[in-house]
Amino acid sequence: MARRRAQLVPWRVAGGVADEHANADAVVRETGWVFNNETGDDLTLSDFVMSGNKEVNAYMRVFGMNDLDTNSLSILEIGSGIGRMTSRFTKRFASVIAADVDAAFLERCRETVARHGEPDKLRTVHVADGHSIGVPSDSVDAVFSYITLQHCAHEDALQLTSEALRIVKPGGTVMLNYRTWVPADVVLQPAGTLVRALWKTKLVGPRIARQRWATRLGWQANRVAVDEVLSLVSQSGRSCREVLVFHNPSRRNLLASSPATVGGARPEERPLPRANKSHWWLILRLS
Ligand SMILES: C[S@@+](CC[C@H](N)C(=O)[O-])C[C@H]1O[C@@H](n2cnc3c(N)ncnc32)[C@H](O)[C@@H]1O
(Lines give C-alpha, C1' and ligand atoms only; values in the text may rest on other atoms or scores of the structure.)
Protein backbone atom coordinates (compact mmCIF):
# COMPACT_ATOMS: atom_id res chain seq x y z
CA MET A 1 0.00 0.00 0.00
CA ALA A 2 1.23 3.51 -0.80
CA ARG A 3 1.83 5.77 2.15
CA ARG A 4 -0.72 8.59 2.44
CA ARG A 5 1.02 11.37 0.56
CA ALA A 6 -0.52 14.63 -0.62
CA GLN A 7 1.35 14.42 -3.95
CA LEU A 8 -0.53 11.25 -4.82
CA VAL A 9 -4.03 12.69 -4.17
CA PRO A 10 -4.71 14.36 -7.56
CA TRP A 11 -3.51 11.32 -9.48
CA ARG A 12 -5.76 9.04 -7.44
CA VAL A 13 -8.73 11.40 -7.94
CA ALA A 14 -8.10 11.71 -11.69
CA GLY A 15 -7.63 7.93 -11.76
CA GLY A 16 -11.01 7.58 -10.05
CA VAL A 17 -12.59 9.87 -12.66
CA ALA A 18 -10.92 7.82 -15.42
CA ASP A 19 -12.43 4.74 -13.80
CA GLU A 20 -15.96 6.23 -13.83
CA HIS A 21 -16.13 6.68 -17.61
CA ALA A 22 -16.52 3.89 -20.11
CA ASN A 23 -15.86 6.27 -23.01
CA ALA A 24 -12.18 7.04 -23.68
CA ASP A 25 -12.96 10.43 -25.29
CA ALA A 26 -14.89 11.45 -22.15
CA VAL A 27 -11.90 10.45 -19.99
CA VAL A 28 -9.67 12.73 -22.08
CA ARG A 29 -12.16 15.62 -21.75
CA GLU A 30 -12.39 15.12 -17.96
CA THR A 31 -8.80 14.28 -17.08
CA GLY A 32 -6.67 14.89 -20.18
CA TRP A 33 -5.56 18.32 -18.90
CA VAL A 34 -3.76 16.51 -16.09
CA PHE A 35 -1.34 15.20 -18.72
CA ASN A 36 -1.08 17.77 -21.52
CA ASN A 37 -2.84 20.84 -20.05
CA GLU A 38 -5.39 20.96 -22.89
CA THR A 39 -9.11 21.45 -22.27
CA GLY A 40 -12.20 21.58 -24.48
CA ASP A 41 -15.51 19.87 -25.21
CA ASP A 42 -14.27 18.56 -28.56
CA LEU A 43 -11.15 16.78 -27.32
CA THR A 44 -10.79 13.15 -28.34
CA LEU A 45 -8.45 10.34 -27.41
CA SER A 46 -6.98 10.58 -30.93
CA ASP A 47 -6.04 14.28 -30.43
CA PHE A 48 -4.58 13.41 -27.07
CA VAL A 49 -2.45 10.57 -28.46
CA MET A 50 -1.39 12.79 -31.37
CA SER A 51 0.10 15.30 -28.89
CA GLY A 52 2.06 12.42 -27.32
CA ASN A 53 3.21 11.09 -30.71
CA LYS A 54 4.67 14.49 -31.61
CA GLU A 55 6.48 14.80 -28.31
CA VAL A 56 7.89 11.27 -28.45
CA ASN A 57 9.19 11.86 -31.99
CA ALA A 58 10.73 15.22 -31.04
CA TYR A 59 12.40 13.97 -27.86
CA MET A 60 13.71 10.77 -29.45
CA ARG A 61 15.27 12.91 -32.19
CA VAL A 62 16.96 15.47 -29.91
CA PHE A 63 18.15 12.79 -27.49
CA GLY A 64 19.89 10.88 -30.29
CA MET A 65 17.61 7.81 -30.25
CA ASN A 66 17.05 8.05 -34.01
CA ASP A 67 20.68 6.92 -34.43
CA LEU A 68 19.75 3.56 -32.86
CA ASP A 69 17.61 0.72 -34.19
CA THR A 70 14.91 1.28 -31.55
CA ASN A 71 12.73 -1.40 -33.18
CA SER A 72 14.99 -3.95 -31.50
CA LEU A 73 15.14 -2.21 -28.10
CA SER A 74 13.06 -2.18 -24.92
CA ILE A 75 11.95 0.96 -23.04
CA LEU A 76 10.58 1.67 -19.56
CA GLU A 77 8.33 4.75 -19.27
CA ILE A 78 8.07 6.03 -15.68
CA GLY A 79 4.78 7.93 -15.17
CA SER A 80 2.96 6.78 -18.30
CA GLY A 81 -0.43 8.11 -17.19
CA ILE A 82 -3.21 7.02 -19.55
CA GLY A 83 -0.80 6.33 -22.39
CA ARG A 84 -0.52 9.68 -24.16
CA MET A 85 3.09 8.90 -25.19
CA THR A 86 3.03 5.14 -24.59
CA SER A 87 1.21 4.32 -27.83
CA ARG A 88 3.97 5.90 -29.85
CA PHE A 89 6.64 4.08 -27.83
CA THR A 90 4.98 0.77 -28.75
CA LYS A 91 5.24 1.76 -32.43
CA ARG A 92 8.91 2.66 -32.17
CA PHE A 93 10.33 0.09 -29.73
CA ALA A 94 10.33 -3.73 -29.57
CA SER A 95 8.76 -3.73 -26.09
CA VAL A 96 7.47 -1.13 -23.62
CA ILE A 97 6.97 -1.23 -19.86
CA ALA A 98 4.58 1.50 -18.70
CA ALA A 99 4.92 2.25 -14.96
CA ASP A 100 2.63 4.52 -12.94
CA VAL A 101 1.57 5.15 -9.35
CA ASP A 102 -2.10 4.94 -10.35
CA ALA A 103 -3.53 1.54 -11.28
CA ALA A 104 -6.62 3.05 -12.99
CA PHE A 105 -4.36 5.10 -15.28
CA LEU A 106 -2.53 1.92 -16.23
CA GLU A 107 -5.79 0.24 -17.16
CA ARG A 108 -6.63 3.24 -19.37
CA CYS A 109 -3.09 3.15 -20.74
CA ARG A 110 -3.65 -0.43 -21.92
CA GLU A 111 -6.89 0.68 -23.62
CA THR A 112 -5.20 3.67 -25.26
CA VAL A 113 -2.43 1.44 -26.60
CA ALA A 114 -5.00 -1.13 -27.77
CA ARG A 115 -6.65 1.58 -29.89
CA HIS A 116 -3.63 3.58 -31.03
CA GLY A 117 -0.50 1.48 -30.52
CA GLU A 118 0.74 -2.09 -30.52
CA PRO A 119 -0.72 -3.73 -27.39
CA ASP A 120 1.25 -6.98 -27.76
CA LYS A 121 4.42 -5.02 -27.00
CA LEU A 122 3.06 -3.45 -23.77
CA ARG A 123 3.46 -4.51 -20.14
CA THR A 124 2.33 -2.33 -17.23
CA VAL A 125 3.87 -2.10 -13.77
CA HIS A 126 2.12 -0.50 -10.81
CA VAL A 127 4.46 1.70 -8.72
CA ALA A 128 2.30 1.08 -5.66
CA ASP A 129 4.54 2.79 -3.08
CA GLY A 130 5.47 5.71 -5.35
CA HIS A 131 9.15 4.79 -5.62
CA SER A 132 9.84 1.07 -6.30
CA ILE A 133 9.58 -0.30 -9.83
CA GLY A 134 9.18 -4.09 -9.98
CA VAL A 135 11.45 -4.60 -12.97
CA PRO A 136 14.74 -6.60 -12.80
CA SER A 137 18.13 -4.88 -12.75
CA ASP A 138 20.02 -4.40 -16.04
CA SER A 139 16.94 -5.43 -18.04
CA VAL A 140 15.84 -2.55 -20.33
CA ASP A 141 17.65 -0.65 -23.08
CA ALA A 142 16.12 2.77 -22.36
CA VAL A 143 14.33 4.52 -19.50
CA PHE A 144 12.20 7.60 -20.17
CA SER A 145 10.21 9.87 -17.86
CA TYR A 146 8.44 13.12 -18.74
CA ILE A 147 6.60 15.60 -16.44
CA THR A 148 6.48 13.06 -13.65
CA LEU A 149 9.48 13.48 -11.33
CA GLN A 150 8.44 17.09 -10.59
CA HIS A 151 5.10 15.86 -9.26
CA CYS A 152 6.47 13.30 -6.82
CA ALA A 153 7.68 13.82 -3.28
CA HIS A 154 11.36 14.79 -3.45
CA GLU A 155 12.56 11.49 -1.97
CA ASP A 156 10.40 9.52 -4.43
CA ALA A 157 11.88 11.42 -7.39
CA LEU A 158 15.39 10.57 -6.22
CA GLN A 159 14.49 6.93 -5.55
CA LEU A 160 12.83 6.62 -8.98
CA THR A 161 16.05 8.02 -10.45
CA SER A 162 18.02 5.31 -8.64
CA GLU A 163 15.52 2.74 -9.94
CA ALA A 164 16.14 3.95 -13.51
CA LEU A 165 19.90 3.59 -12.95
CA ARG A 166 19.40 0.07 -11.55
CA ILE A 167 17.07 -1.14 -14.32
CA VAL A 168 18.89 0.16 -17.42
CA LYS A 169 21.21 -2.30 -19.19
CA PRO A 170 24.91 -1.57 -19.73
CA GLY A 171 25.09 0.34 -23.02
CA GLY A 172 21.56 1.67 -22.48
CA THR A 173 20.14 5.20 -22.35
CA VAL A 174 18.43 7.10 -19.51
CA MET A 175 16.20 10.11 -20.35
CA LEU A 176 14.70 11.77 -17.27
CA ASN A 177 12.91 15.11 -17.03
CA TYR A 178 13.04 17.22 -13.83
CA ARG A 179 11.91 20.63 -12.66
CA THR A 180 14.30 23.15 -11.13
CA TRP A 181 13.77 26.52 -9.44
CA VAL A 182 12.49 29.67 -11.22
CA PRO A 183 11.87 33.18 -9.76
CA ALA A 184 8.06 32.62 -9.74
CA ASP A 185 8.65 29.89 -7.15
CA VAL A 186 8.57 32.63 -4.48
CA VAL A 187 4.78 32.58 -4.99
CA LEU A 188 4.27 29.11 -6.48
CA GLN A 189 5.93 27.11 -3.72
CA PRO A 190 3.87 28.47 -0.77
CA ALA A 191 0.65 28.29 -2.85
CA GLY A 192 1.46 24.69 -3.74
CA THR A 193 2.11 23.82 -0.09
CA LEU A 194 -1.30 25.26 0.84
CA VAL A 195 -3.15 23.30 -1.87
CA ARG A 196 -1.41 20.06 -0.88
CA ALA A 197 -2.40 20.64 2.76
CA LEU A 198 -6.03 21.09 1.62
CA TRP A 199 -5.85 17.90 -0.49
CA LYS A 200 -5.22 15.95 2.70
CA THR A 201 -8.44 17.16 4.36
CA LYS A 202 -11.32 14.72 4.03
CA LEU A 203 -13.99 17.41 3.62
CA VAL A 204 -12.70 19.59 0.77
CA GLY A 205 -9.64 17.60 -0.38
CA PRO A 206 -11.20 15.35 -3.05
CA ARG A 207 -13.31 18.26 -4.41
CA ILE A 208 -10.32 20.62 -4.72
CA ALA A 209 -8.24 17.86 -6.29
CA ARG A 210 -10.68 17.86 -9.24
CA GLN A 211 -10.12 21.60 -9.88
CA ARG A 212 -7.64 22.36 -12.61
CA TRP A 213 -6.31 25.63 -11.09
CA ALA A 214 -5.68 24.03 -7.70
CA THR A 215 -4.16 20.90 -9.13
CA ARG A 216 -1.75 22.87 -11.29
CA LEU A 217 -0.56 24.71 -8.20
CA GLY A 218 -0.54 21.73 -5.86
CA TRP A 219 1.24 19.25 -8.08
CA GLN A 220 4.23 21.57 -8.44
CA ALA A 221 5.63 19.63 -5.58
CA ASN A 222 9.22 19.08 -6.32
CA ARG A 223 12.32 20.84 -7.58
CA VAL A 224 15.46 18.81 -8.12
CA ALA A 225 18.97 20.23 -8.49
CA VAL A 226 21.25 18.90 -11.21
CA ASP A 227 23.98 18.17 -8.65
CA GLU A 228 21.66 16.01 -6.53
CA VAL A 229 20.94 13.79 -9.50
CA LEU A 230 24.54 13.69 -10.73
CA SER A 231 25.68 12.55 -7.29
CA LEU A 232 23.14 9.68 -7.50
CA VAL A 233 24.67 8.71 -10.84
CA SER A 234 28.13 8.70 -9.24
CA GLN A 235 26.89 6.66 -6.24
CA SER A 236 25.19 4.12 -8.52
CA GLY A 237 28.57 2.93 -9.76
CA ARG A 238 27.25 2.88 -13.34
CA SER A 239 29.83 3.96 -15.87
CA CYS A 240 28.77 6.37 -18.57
CA ARG A 241 29.95 7.18 -22.08
CA GLU A 242 28.02 10.44 -22.07
CA VAL A 243 26.35 12.60 -19.39
CA LEU A 244 24.23 15.42 -20.86
CA VAL A 245 22.02 18.04 -19.24
CA PHE A 246 19.50 19.59 -21.65
CA HIS A 247 17.69 22.82 -20.70
CA ASN A 248 16.09 25.92 -22.13
CA PRO A 249 18.76 28.22 -23.66
CA SER A 250 17.72 31.05 -21.31
CA ARG A 251 19.05 29.03 -18.35
CA ARG A 252 22.81 29.02 -17.89
CA ASN A 253 25.43 27.22 -15.87
CA LEU A 254 23.29 24.45 -14.45
CA LEU A 255 26.55 22.49 -14.17
CA ALA A 256 28.46 25.31 -12.40
CA SER A 257 29.06 23.32 -9.21
CA SER A 258 29.08 19.82 -10.67
CA PRO A 259 32.03 17.46 -10.39
CA ALA A 260 34.41 17.26 -13.35
CA THR A 261 33.45 13.66 -14.09
CA VAL A 262 30.34 11.61 -13.37
CA GLY A 263 30.39 7.87 -13.98
CA GLY A 264 33.69 8.41 -15.82
CA ALA A 265 32.31 10.99 -18.28
CA ARG A 266 32.50 14.79 -18.27
CA PRO A 267 28.96 16.25 -17.85
CA GLU A 268 28.00 18.64 -20.65
CA GLU A 269 25.13 21.11 -21.16
CA ARG A 270 22.99 21.22 -24.30
CA PRO A 271 20.43 23.90 -25.24
CA LEU A 272 16.88 22.64 -25.81
CA PRO A 273 14.58 25.49 -26.96
CA ARG A 274 11.42 23.36 -26.65
CA ALA A 275 12.10 22.75 -22.93
CA ASN A 276 10.10 24.74 -20.40
CA LYS A 277 12.33 27.26 -18.58
CA SER A 278 11.79 25.41 -15.32
CA HIS A 279 12.65 21.99 -16.77
CA TRP A 280 15.86 20.11 -17.35
CA TRP A 281 16.64 16.67 -18.73
CA LEU A 282 19.32 14.19 -17.74
CA ILE A 283 20.48 12.08 -20.65
CA LEU A 284 22.91 9.27 -19.84
CA ARG A 285 24.48 6.91 -22.29
CA LEU A 286 25.92 4.03 -20.33
CA SER A 287 29.14 2.26 -21.20
C1 LIG B 1 1.65 14.95 -15.74
S2 LIG B 1 1.41 13.20 -15.85
C3 LIG B 1 2.43 12.82 -17.24
C4 LIG B 1 2.04 11.52 -17.90
C5 LIG B 1 2.80 11.24 -19.21
N6 LIG B 1 4.24 11.25 -18.99
C7 LIG B 1 2.43 12.26 -20.27
O8 LIG B 1 3.27 13.12 -20.60
O9 LIG B 1 1.28 12.22 -20.71
C10 LIG B 1 2.35 12.55 -14.48
C11 LIG B 1 2.14 11.05 -14.26
O12 LIG B 1 3.04 10.63 -13.26
C13 LIG B 1 2.38 9.71 -12.42
N14 LIG B 1 3.07 9.74 -11.14
C15 LIG B 1 3.05 10.72 -10.20
N16 LIG B 1 3.80 10.36 -9.14
C17 LIG B 1 4.33 9.14 -9.45
C18 LIG B 1 5.21 8.24 -8.76
N19 LIG B 1 5.68 8.55 -7.55
N20 LIG B 1 5.55 7.09 -9.36
C21 LIG B 1 5.07 6.77 -10.61
N22 LIG B 1 4.23 7.57 -11.30
C23 LIG B 1 3.88 8.74 -10.72
C24 LIG B 1 0.95 10.22 -12.36
O25 LIG B 1 0.04 9.21 -11.92
C26 LIG B 1 0.74 10.66 -13.79
O27 LIG B 1 0.25 9.62 -14.58
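This briefing covers the ligand surroundings, the salt bridges and the aromatic pairs of the structure above.

The model is predicted, so local features need pLDDT of at least 70 and side-chain atom pairs count only at pLDDT 80 or more, while totals for chains, interfaces and linings use all residues. Residues are numbered from 1 along each chain as its sequence is written, and side-chain values use heavy atoms, with hydrogens and water left out. A search of the whole structure finds 11 salt bridges and 10 aromatic pairs.

**Ligand surroundings**

- The ligand is surrounded by 19 residues, the closest being Gly79, Arg84, Asp100, Gly130 and Tyr146, where a residue is near a molecule or strand if one of its heavy atoms lies within 4 Å of it.
- By class, this shell holds 11 nonpolar, 6 polar and 2 charged residues; Ala, Val, Leu, Ile, Met, Phe, Trp, Tyr, Cys and Pro count as nonpolar, Asp, Glu, Lys and Arg as charged, and the others, Gly among them, as polar.
- An N or O atom in the side chain of Arg84 lies 2.8 Å from an oxygen atom of the ligand, and an N or O atom in the side chain of Thr148 lies 3.3 Å from an oxygen atom of the ligand.
- Taken alone the ligand exposes 600 Å², and the protein buries 100% of that, with accessible areas taken from the Shrake-Rupley method with a 1.4 Å probe and, for residues, only the protein chains shown counting as cover.

**Salt bridges**

- Arg108 forms a salt bridge with Glu111, their closest N and O atoms being 3.1 Å apart; the term stands for a side-chain nitrogen of Lys or Arg within 4 Å of a carboxyl oxygen of Asp or Glu.
- Both Arg108 and Glu111 belong to helix α6 (residues 103-116), where they are 3 residues apart, about one turn of the helix; helices (H or I, at least four residues) and strands (E, at least two) are DSSP runs, numbered from the N terminus.
- Arg108 counts as buried at 8% relative accessibility, whereas Glu111 counts as partly exposed at 36%; buried means under 20% relative accessible area, exposed over 50% and partly exposed in between (1.4 Å probe, protein chains only).
- Glu268 takes part in a salt bridge with Arg266 (3.9 Å, N to O) and in another with Arg270, where the closest N and O atoms are 3.0 Å apart.
- Of these residues, Arg266 is exposed, with a relative accessible area of 58%, while Glu268 is partly exposed at 26% and Arg270 is partly exposed at 28%.
- A network of salt bridges links Arg179, Asp185 and Arg223.

**Aromatic pairs**

- One cluster is formed by Tyr59, Phe63, Phe89, Phe93, Phe144, Tyr146, Phe246 and Trp281; rings of Phe, Tyr and Trp (its six-membered ring) pair if their centres lie within 6.5 Å, and planes under 30 degrees apart count as stacked, over 60 as edge-to-face and the rest as tilted.
- The rings of Tyr59 and Phe63 have centres 5.6 Å apart and planes at 20°, so the pair is stacked, and both Tyr59 and Phe63 are buried.
- The rings of Phe89 and Phe144 have centres 5.1 Å apart and planes at 65°, so this pair is edge-to-face.

Notes:
Polar contact = N/O pair within 3.5 Å; in protein donor to acceptor, adjacent residues only side chain to side chain.
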